[in-house]
Amino acid sequence: PTAGAVRNQIRETDGPPLISDFATAESSAALAKLGRTGAFPVARLPELYSDLDEWALAAAEEVAIVSSDIATANALVRRSGVSLRVPDAIHIAAAHR
């Protein structure tokens with residue numbers, strides 16, 4: 001549902017978008033789930049994974065998640081009044097770093 005906003009953000013940002021190795025893994029898991037639920041034939045998964053990997057190499061800058069990102073994410077989810085899932089907190093921590 002937020003694809004349009006993400007595309008606009010990428011277009012408006014100088015330089016390539018950053019994508020973490022964790023985000024690539026989450027994207028792969030999302031593709032696998034779509035295949036399992038019949039959104040497209042499972043036989044297309046290798047092609048879609050390849051497209052994701054090619055895009056990440058050509059159009060984005062990969063950032064590895066490091067242990068300090070997990071510690072920062074842990075601190076974020078413990079903040080009073082903050083309602084974050086751990087994966088989202090990890091993405092935020094990596095982006096801030």
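Trainee: How many salt bridges does the structure hold, and what makes a pair count as one?

Mentor: The structure holds three salt bridges, the term being kept for a side-chain nitrogen of Lys or Arg within 4 Å of a carboxyl oxygen of Asp or Glu. This is a predicted model, in which local features need pLDDT of at least 70 and side-chain atom pairs count only at pLDDT 80 or more, while totals for chains, interfaces and linings use all residues. Residues are numbered from 1 along each chain as its sequence is written, and side-chain values use heavy atoms, with hydrogens and water left out.

Trainee: What makes D69 and R97 a salt bridge?

Mentor: The closest N and O atoms of D69 and R97 are 2.7 Å apart, and the limit is 4 Å, so the pair qualifies. D69 lies in helix α4 and R97 in the segment after α5, so the pair ties together parts that are 28 residues apart in sequence.

Trainee: Why is D69 called buried, and what is R97 called?

Mentor: Buried means under 20% relative accessible area, exposed means over 50%, and partly exposed is in between, with a 1.4 Å probe and protein chains only. D69 has 2% relative accessibility and therefore counts as buried, whereas R97, at 48%, counts as partly exposed.

Trainee: What are R44 and E47 called in terms of accessibility?

Mentor: R44, at 33% relative accessibility, counts as partly exposed, and so does E47, at 42%; their side chains meet in a salt bridge at 3.5 Å, N to O.

Trainee: Why is α4 called oblique to α5?

Mentor: Helix α4 (residues 67–77) and helix α5 (residues 86–96) pack at an angle of about 120°, with their axes 8 Å apart. That makes α4 oblique to α5, because angles under 35 degrees count as roughly parallel, over 145 as roughly antiparallel, 65 to 115 as roughly perpendicular and the rest as oblique.

Trainee: Which residues make the contact?

Mentor: Contact means heavy atoms within 4.5 Å, and here it is made by D69, I70, T72, A73, L76 and V77 of α4 together with V86, A89, I90, I92, A93 and A94 of α5.

How values were computed: Axes fitted to C-alpha atoms, helices over the stretch in contact; angles between N-to-C directions. Helix = DSSP H or I, 4+ residues; strand = E, 2+ residues; numbered from the N terminus.
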